[in-house]
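Biologist: I would like to learn how to read some features in a model like this one. Could you take me through it?

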Amino acid sequence: MDKNTQIPYNLTMYDLPAIETNGQAFARCVAQARPYAPVQVKIKITWRCNLRCEMCNVWRQKRQNALTPERLRSLADELVDLGCRKIHLSGGEVLLRPDLYDLISYLSSKDVRVNLTTNGTLITRDVALRLADSGLRGASISIDSPQRRIHDRIRGQGAWKRALKGLRELRRAQEKRRAKLRIRINTIISRTNYESLADLAAFVHQRGADRLTLIPVDDASGDLWLNKTRLRHYNAHVAPRIADEGVDAGLFTPTNDPSKAFPFGSTKRELNYSRYGFYARGLYESQPCYAPWTHALVTPRGRVYACCMTRSEQPLGDLRKASFHQIWENTAYQNLRRAMCDVTPYAICHHCDDFLDANRFLHQVRQQWNGNPTQKEKAHRI
């Protein structure tokens with residue numbers, strides 16, 4: 001790859017420059033269906049949540065957590081030994097787990113960059129200071145509209161006011177402690193809120209957010225998807241405002257790419273995919289997803305998957321029965337990697353908008369060292 005090639009927005013989460021430096025080793029691992037390294041791992045530390053969001057099923061389910069604080073620390077040790085340098089903590093609502101701060105501190109002491117996702121409603125002044133003191137490097141707070149009634153319609157009465165208070169307290173704690181903590185706003189776009197988002201970028205910037213991520217709604221029923229008319233309206237009247245104000249505020253750093261305001265795509269072909277919830281917009285028809293080589297998801301029960309989208313499939317292993325190292329190199333993971341090179345093994349992959357830019361970048365790295373196309377690539381060319 002050309003040395004002047006710019007790393008796309010949000011790809012540093014994967015430490016892709018390091019993978020590019022070791023591109024030959026990465027390409028060899030892909031060819032042999034062997035793991036590269038769990039560069040980034042997402043750990044869901046609890047199923048519990050204090051909200052009842054319309055697009056989420058977690059609160060509807062009664063499941064127990066199985067990963068104790070001791071097992072989480074030993075898992076952290078395993079991941080570090082395998083080369084993991086970024087861990088994302090999520091739930092449920094992570095702030096309902098009392099050992100959260102100790103876990104973040106332990107991971108930070110291992111030179112691991114720790115991020116978390118929260119609905120923000122439980123962030124008090126004390127909580128914010130504890131998070132800043134723990135070594136947390138990134139916090140994603142969910143705000144689904146600059147309008148109170150819309151956000152509360154999605155997440156529950158009073159959620160908007162408490163989330164904004166939490167954002168304010170976290171910004172104050174970051175400044176007071178001079179912590180290296182970035183605050184990102186996650187906004188899930190659905191037919192409930194898309195019309196209300198034109199002022200979103202300016203709104204969150206004024207309240208101290210460093211970044212903004214727009215996420216198409218994940219809804220198996222399809223009831224919350226944007227149809228063709230709504231997608232066109234969003235792209236014509238909402239996204240341009242978000243793009244202009246987001247770029248001016250530096251919310252799409254590091255490259256400040258205005259296309260990040262258009263998560264459904266911009267071409268007729270891309271929008272046709274998105275109207276049916278296919279947010280990968282055809283990417284995995286022509287190339288693999290490289291998550292099975294570089295990523296893992298761990299659930300509160302200790303089950304391991306390649307990513308959060310594949311939780312409806314069979315787990316690749318169980319941390320109550322095996323070490324992460326054993327699971328990372330087991331036959332199930334290897335079979336998934338092998339299958340991913342030739343076909344997209346799970347239908348859900350086509351609905352996934354995670355790591356799209358990262359996967360495009362990794363595919364270029366791989367092709368630099370291995371010019372032989374996969375069966376999937378050959379089929380796409382016909």
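**Reading the packing and the loops**

Modeller: Let us begin with helix 6, whose buried residues pack against strand 4 (138-142), helix 7 (159-177) and strand 5 (182-189). Contact means heavy atoms within 4.5 Å, and helices (H or I, at least four residues) and strands (E, at least two) are DSSP runs, numbered from the N terminus. This is a predicted model: local features need pLDDT of at least 70, side-chain atom pairs count only at pLDDT 80 or more, and totals for chains, interfaces and linings use all residues. Residues are numbered from 1 along each chain as its sequence is written, and side-chain values use heavy atoms, with hydrogens and water left out.

Biologist: Which residues are buried in helix 6?

Modeller: Buried means under 20% relative accessible area, exposed over 50%, partly exposed in between (1.4 Å probe, protein chains only). In helix 6 (residues 148-155), Ile150, His151, Asp152, Ile154 and Arg155 are buried. After helix 6 comes Gly156, with a positive phi near 120 degrees.

Biologist: How many bridges join strand 4 to strand 5?

Modeller: Two strands pair if DSSP finds at least two bridges between them. Strand 4 and strand 5 run parallel and are joined by 5 bridges; Ile141 has Ile185 in strand 5 as its bridge partner. Strand 5 and strand 6 (residues 211-216) also run parallel, with 6 bridges, and Ile188 has Ile215 in strand 6 as its bridge partner.

Biologist: At what angle do helix 2 and helix 14 pack?

Modeller: Axes are lines fitted to C-alpha atoms, for helices over the stretch in contact, and angles run from 0 to 180 degrees between N-to-C directions. Helix 2 (residues 23-31) and helix 14 (residues 356-369) pack at about 90 degrees, their axes 8 Å apart. Helix 2 and helix 14 are therefore roughly perpendicular (65 to 115 degrees) to each other. Gly23, Gln24, Phe26, Ala27 and Val30 in helix 2 meet Leu362, Val365, Arg366 and Trp369 in helix 14.

Biologist: Is Asp111 buried or exposed?

Modeller: Asp111 is exposed, with a relative accessible area of 59%. Asp111 lies in the loop between helix 4 and strand 3 (113-118), and its phi is near 65 degrees, a positive value in a residue other than glycine.

Biologist: And is Phe355 buried or exposed?

Modeller: Phe355 is buried, with a relative accessible area of 16%. Phe355 sits in the loop between helix 13 (331-342) and helix 14, and has a positive phi of about 60 degrees although it is not a glycine.

Note on methods:
Angles under 35 degrees count as roughly parallel, over 145 as roughly antiparallel, 65 to 115 as roughly perpendicular and the rest as oblique.
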